Amino acid sequence: MSLSKFYIFTMGCQMNKADSERLEAYLISAGLTSTEGPENAEVAILVTCGVRQSAENRIKELAPRWKKVNPNLKIVLTGCLALRPDVRDYLADSVDIWLPITELAKLKNLLGLEDNAPSGSLDYLSLEAKYSSMVSAYVPIGNGCNNFCAYCVVPYARGPEVYRPHQEIINEVKNLLQRGYKEITLIAQNVNSYKSDGLDFADLLKKIDELEGDFWLRFSTSHPKDLSEKLIATVARGKHTAQYFHLAVQAGDNDILRTMNRRYTAEHFLSLIKMIRDYSPEALISTDIIVGFPGESEQQFQNTITLMKKAKFDMAYIAKYSPRPGTVAEKMTDDITLEEKQRREIIANDILKSTVVENAQRLVGRTLTVLADEVKKGKNTVSGKTRDFKTVLWTGEGEIGKFYEVEILEVKRFGLKGKIKKRLVGSRCTS
Ligand code: SF4
C-alpha cells in the first residue's frame, strides 16, 4: 500500500514538540501530506511522554482505539515510551513501528517509502523542521541527559547527552530571523551542559544575542548544579535575551535533594537566585517542584515551603510525585498518600500565588513591550508575553506576532492586565 497521509499526535514537553516539527518536515520531504486526525491517515505518529502516568494512560487508550477505527493505519510510537519493554508488551497489537527519536532518519526505510527522504545515520536534530508557529520557534541545541535524577525517565528514554555544533544552531536561528520569527527558545534537557568546539552555553547564547533583528531569545531548561556566573552575567548583558530563568529546584530539603540525586543543596540554589537578582534585578524566575517524594516528612516538606518563601518564584510547576517505571525512585516506597500529596500541592500553590502577585506589583503603572500571541476576536481581547515571559492581557487592537506598548494596570493571579498604548515597529523594550 502506498502511503500518502500522516497524522502526528504530540504529548509532553517542548522537546517533544520540537521533535514533532522535525518529524513533520521529514515526512513532507518524503512526499506525504499531513491530515487533521488518524481516521484519514495511513501513518499516525505518537510522540509520547512518560513523565506522568496520566500521559501514559492516554497513549494506552489512543493507540488501540485508532487501530480499531482505521485497521490499515500504521502506528509509529516514538518519544519517552518507545524503549519501555512493558509498553512494548501492552501495545504490541496496536503499534507497528517502535522508533527511538534519535533513529528518526530510519523511518523512511521502516515505512517502505520510495521517495527521497533523508535516510541513514543522520543526526536527527540536523534535519529541517516544519515549525508549527510563524512567530515563535523552539530550536533544540542538544538531546539526552546524563544526570539520572532518581524520579526521571528522560535519561533512559532519550539516552546520553549529545549537542549540535554551534554553527548549525546559529544558522537555524539566522534562517528563522530572516523569515520574521520574533521569539527563539533554545532548548535541551540541560542547556548548561552544552559544549561545542570549545564553546559553552554562555558563549552560544552571546553569539545568538549578537545577531541583528527584532527578536527575543530564551532558553530552557537549566540544571542548578551547572548554572554558572558566566551564564548569569551573559543573560544580564543580553540585548535580545530575556531576563528569565527556569531553574528547577524540585525540593527545598537537602536530604530529599540527595535522594533525588540532584547534586546541589538548598543553600546553593538560594545563592544562585541571589546571584541572578544581583545581576538582573528585573529577572523572572520559575521552577519545578515535586511534593510527596518517597519518605518526604512534614518537616522536609516545610523546608521546601521555606525555600519557596525565600526564593519568591514568579512561577512554579508543582507536581505530585508518582513513580515512573525503570527509575531509581520506583524502587523506593511511595509512602505519601495521595490525599497528603494533594494537601502539600495546595499549600505550595498558595505560597506560589502570593509571591507571584507580590513580585508582579512592581510592574503596575509601567509600560512594557509585549509580543501578541493570542487574539480572541469574539471577546475583543489580546494576550501576549513580555520579553521576560510575563503574560499580559488587554482589550482592543492586536495582531499575533506584532509588538505593542502596553501600560500595566492590574495584577491577575498568574498574569497582568493592561491598556494598549501603541503598536511598535521593533522589539524595543521599555520596561
Ligand atoms: S536533569 Fe534530571 S530531571 Fe532533568 S531531564 Fe535530566 S534526569 Fe530528568
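Over how many bridges do strand 1 and strand 2 pair? The two strands pair in the parallel sense over 2 bridges, where pairing requires at least two bridges found by DSSP between two strands. Strands (E, at least two residues) and helices (H or I, at least four) are DSSP runs numbered from the N terminus. The model is predicted, so that local features need pLDDT of at least 70 and side-chain atom pairs count only at pLDDT 80 or more, while totals for chains, interfaces and linings use all residues. Residues are numbered from 1 along each chain as its sequence is written, and side-chain values use heavy atoms, without hydrogens and water.

The bridge partner of F6 in strand 2 is S34. The open sheet contains 5 strands with parallel pairing, in the order 2-1-3-4-5. Strand 2 (33-34) and strand 5 (97-98) are at the edges and have a single partner strand each, so one side of each lacks a neighbour in the sheet.

Helix 1 lies across strand 1, strand 2, strand 3 (43-48) and strand 4 (74-79), and runs at about 175 degrees to strand 1. Such angles run from 0 to 180 degrees between N-to-C directions, with axes fitted to C-alpha atoms, for helices over the stretch in contact; contact means heavy atoms within 4.5 Å.

The ligand is surrounded by residues including C145, H223 and R262, where a residue is near a molecule if one of its heavy atoms lies within 4 Å. By class, this shell has 7 nonpolar, 3 polar and 1 charged residues. Ala, Val, Leu, Ile, Met, Phe, Trp, Tyr, Cys and Pro count as nonpolar, Asp, Glu, Lys and Arg as charged, and the others, Gly among them, as polar.
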